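My notes follow in short entries.

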Amino acid sequence: MELLEVEREQTLTREDAAGWLEDLARQLARNNQLQFRRDGMKYTLRVPDQVTMEVEIEVADDGANIELEIRW
């Protein structure tokens, strides 16, 4: 049973996207949890010491994308 799914797509500057990733990386490196806010609610996810990370890179004539998945 799925309890919560948050999906979001937005257009950002390259620098803002990097800042978002840096914040995520800081939380993963320093804490055993990730925190985020959505629609006025604060969510906290507990993260174990070991996670599985999957990276997919696609390059085509009309653009490229990188998908990053971290699961535990």
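Entry 1. I began with the rule: a salt bridge is a side-chain nitrogen of Lys or Arg within 4 Å of a carboxyl oxygen of Asp or Glu. I also noted that this model is predicted. With that rule I looked for salt bridges and got three.

Entry 2. I looked up E54 and R71. Their side chains form a salt bridge, at 3.3 Å from N to O. E54 sits in strand 3 (residues 52-60) and R71 in strand 4 (residues 63-71), so this pair ties together parts 17 residues apart in sequence. E54 is partly exposed, at 37% relative accessible area. R71 is partly exposed too, at 36%.

Entry 3. Which other residue does R71 form a salt bridge with? I found E69, with the closest N and O atoms 2.5 Å apart. E69 has 38% relative accessibility and counts as partly exposed. I therefore wrote down "partly exposed" for E69, since that term covers values between 20% and 50%. E54, E69 and R71 are linked in a network of salt bridges.

Entry 4. I turned to R14 and E15. Their side chains meet in a salt bridge, 3.5 Å from N to O. Are R14 and E15 buried or exposed? I found R14 exposed, and E15 exposed as well.

Entry 5. I ended with Q33. This residue lies in strand 1, which covers residues 33-38. The side chains of Q33 and R46 are joined by a polar contact of 2.7 Å. I then listed contacts of Q33, leaving aside neighbours within four places in sequence. They are Q27, T44, L45, R46 and V47.

Notes
Residues are numbered from 1 along each chain as its sequence is written. This is a predicted model: local features need pLDDT of at least 70, side-chain atom pairs count only at pLDDT 80 or more; totals for chains, interfaces and linings use all residues. Side-chain values use heavy atoms; hydrogens and water are left out. Helices (H or I, at least four residues) and strands (E, at least two) are DSSP runs, numbered from the N terminus. A polar contact is a pair of N or O atoms within 3.5 Å; within protein, one must be able to donate a hydrogen and the other to accept it, and residues adjacent in sequence count only if both atoms are side-chain atoms. Contact means heavy atoms within 4.5 Å. Buried means under 20% relative accessible area, exposed over 50%, partly exposed in between (1.4 Å probe, protein chains only).
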